[in-house]
Amino acid sequence: MKGKILVTGGTGYIGSHTVVELQNVGFDVVIVDDLSNSTAAVVNQIEEITGKRPAFHQFNLQNLELLGKFFKECKGIDAVIHFAAFKAVGESVQKPMNYYRNNLVSLINLFECMENAGVNNLVFSSSCTVYGQPEHLPVTEQTPRQTAESPYGNTKIVCEDIIKDYTHANPKIQAIALRYFNPIGAHPSALIGELPNGIPNNLVPFVAQTAAGIRPQLSVFGNDYDTPDGSCIRDYINVVDLAKAHVISIGRLLDQKNESAFEFFNVGTGKGVSVLELLNAFEKATGQKVNYKIVGRRAGDIEQIYADTTKANSVLGWKSVATLEETLLSAWNWEQRIRIKG
Ligand code: WQD
């Protein structure tokens with residue numbers, strides 16, 4: 001066995017795909033998740049994909065007593081991948097204290113318990129949202145972070161600073177933060193994917209639900225931006241490619257290849273795609289027309305962002321491989337399966 005990895009938030013969208021990829025290369029995985037934005041059935045689906053059932057413990061990381069008890073009972077953890085966080089941009093504006101308390105206290109508790117248990121490796125789920133609307137594109141890891149547009153985004157900035165300061169004070173602890181661009185798609189098996197609670201905030205689940213007839217029409221938030229077709233541009237990264245970046249990061253930490261106590265990487269495709277281009281790609285990939293209308297801009301949206309992935313390609317040795325069309329088809333296949341499954 002290559003080692004035992006704790007995955008917090010491991011029944012969530014990116015977490016579950018990462019558990020599958022960890023198991024596929026021989027890691028033993030333990031999931032801690034409070035199921036606030038996922039279901040325990042995901043553990044069954046992971047087992048169906050890999051043939052291995054990850055251990056699963058249900059609690060929130062704000063509960064220091066339960067987290068400490070977990071680390072005392074679950075021996076031999078070699079590294080932690082920390083996904084568990086609240087992540088709805090709009091909700092964070094309405095309930096900022098829930099976001100600051102949950103996202104910051106969870107990380108602080110995790111570090112305290114890791115130190116007591118002698119667990120020295122952390123991969124952290126960060127986000128391109130730390131860049132705000134960058135001056136220059138594509139963004140590199142040297143692009144200055146900017147005040148986030150939302151409390152959610154600010155928790156990512158503050159968590160990165162907590163990691164920087166903590167690893168500086170405790171050089172035994174090594175950490176990697178992965179700054180995701182826009183994760184989309186689903187596992188090729190269509191057994192796991194993105195399960196938004198209620199009306200999706202994010203584009204691709206809304207597109208898939210519109211194509212499936214669950215939503216009558218997609219609203220495209222603005223076509224008056226300074227982009228070729230007027231709609232916003234993002235860097236849409238396949239969720240399985242993204243999951244593999246976590247596995248490579250774990251390997252880098254376990255092999256102690258980190259050049260500094262805290263490293264961070266942009267994880268995207270390096271290609272900017274507009275909303276309207278994505279809709280065309282979805283229709284081409286799936287044969288499904290998407291009924292949409294152009295409406296006003298959404299508050300808080302930035303005009304365009306996409307990654308310079310040179311560092312992840314050269315230092316991590318990771319590269320995205322899935323095409324946009326393949327990824328959108330995987331999202332459609334997942335949407336159809338959950339509709340059949342109900
Ligand atoms: C993408 C584009 C919208 C919905 C957010 C978070 C980011 C990360 C990913 C967590 C934008 C447009 C969307 C719709 C639309 N989350 N859109 N109609 O806002 O880039 O990023 O989710 O880590 O941190 O900020 O993603 O999918 O919401 O929007 O036109 O119904 O699609 O305006 O241009 P976003 P998104």
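Trainee: In which helix is N102 found?

Mentor: N102 is found in helix α5. Before we go on, this is a predicted model, in which local features need pLDDT of at least 70 and side-chain atom pairs count only at pLDDT 80 or more, while totals for chains, interfaces and linings use all residues. Residues are numbered from 1 along each chain as its sequence is written, and side-chain values use heavy atoms, with hydrogens and water left out.

Trainee: What makes something a helix or a strand here?

Mentor: Both are DSSP runs, numbered from the N terminus: helices are H or I with at least four residues, and strands are E with at least two.

Trainee: Why is N102 called buried?

Mentor: Buried means under 20% relative accessible area, exposed over 50%, and partly exposed in between, using a 1.4 Å probe and protein chains only. N102 has a relative accessible area of 3%, so N102 is buried.

Trainee: Which residues does N102 touch?

Mentor: Leaving aside residues up to four places away in sequence, N102 touches N60, Q62, A85 and F86. Contact means heavy atoms within 4.5 Å.

Trainee: What do the buried residues of α5 pack against?

Mentor: They pack against β1 (4–8), α3 (64–73), β4 (77–82), α4, β5 and α6. Among the buried residues of α5 are Y99, N103, L107 and F111. Just after α5, G118 takes a positive phi of about 70°.

Trainee: What covers the buried residues of α6?

Mentor: The cover includes α4 (89–94), α5 (96–117), β5 (121–127), β6 (174–180) and β11 (262–267). The buried residues of α6 include Y152, I157, C159 and I163.

Trainee: What makes β6 a mostly covered strand?

Mentor: Seven of its seven residues are buried. On one side these are Q174, I176, L178 and Y180, and on the other A175, A177 and R179. In a regular strand the side chains alternate between the two faces of the sheet.

Trainee: How do you know that β5 and β6 pair?

Mentor: Two strands pair if DSSP finds at least two bridges between them. β5 and β6 have seven bridges, in the parallel sense; one of the bridge pairs joins F124 to A177 in β6. The chain crosses from β5 through α6 to β6 in a right-handed β-α-β crossover. Right-handed says that, with the strands pointing away from the viewer, the path from the first strand over the helix to the second runs clockwise.

Trainee: Why is E194 called buried?

Mentor: The relative accessible area of E194 is 13%, so E194 is buried. Its place is in the loop between β7 (182–184) and α7 (203–211). The residues E194 touches include N202 and W334; the C-alpha atoms of E194 and W334 are separated by 8.4 Å, although the two are 140 residues apart along the chain.

Trainee: Which residues come nearest to the ligand?

Mentor: Of the 18 residues around the ligand, Y152, L203, S219, R234 and D301 come nearest. A residue is near a molecule if one of its heavy atoms lies within 4 Å of it.

Trainee: How far is an oxygen atom of the ligand from the side chain of D301?

Mentor: An N or O atom in the D301 side chain is 2.6 Å from a ligand oxygen atom. A polar side-chain atom of N202 lies 3.0 Å from an oxygen atom of the ligand.

Notes:
A polar contact is a pair of N or O atoms within 3.5 Å; within protein, one must be able to donate a hydrogen and the other to accept it, and residues adjacent in sequence count only if both atoms are side-chain atoms.
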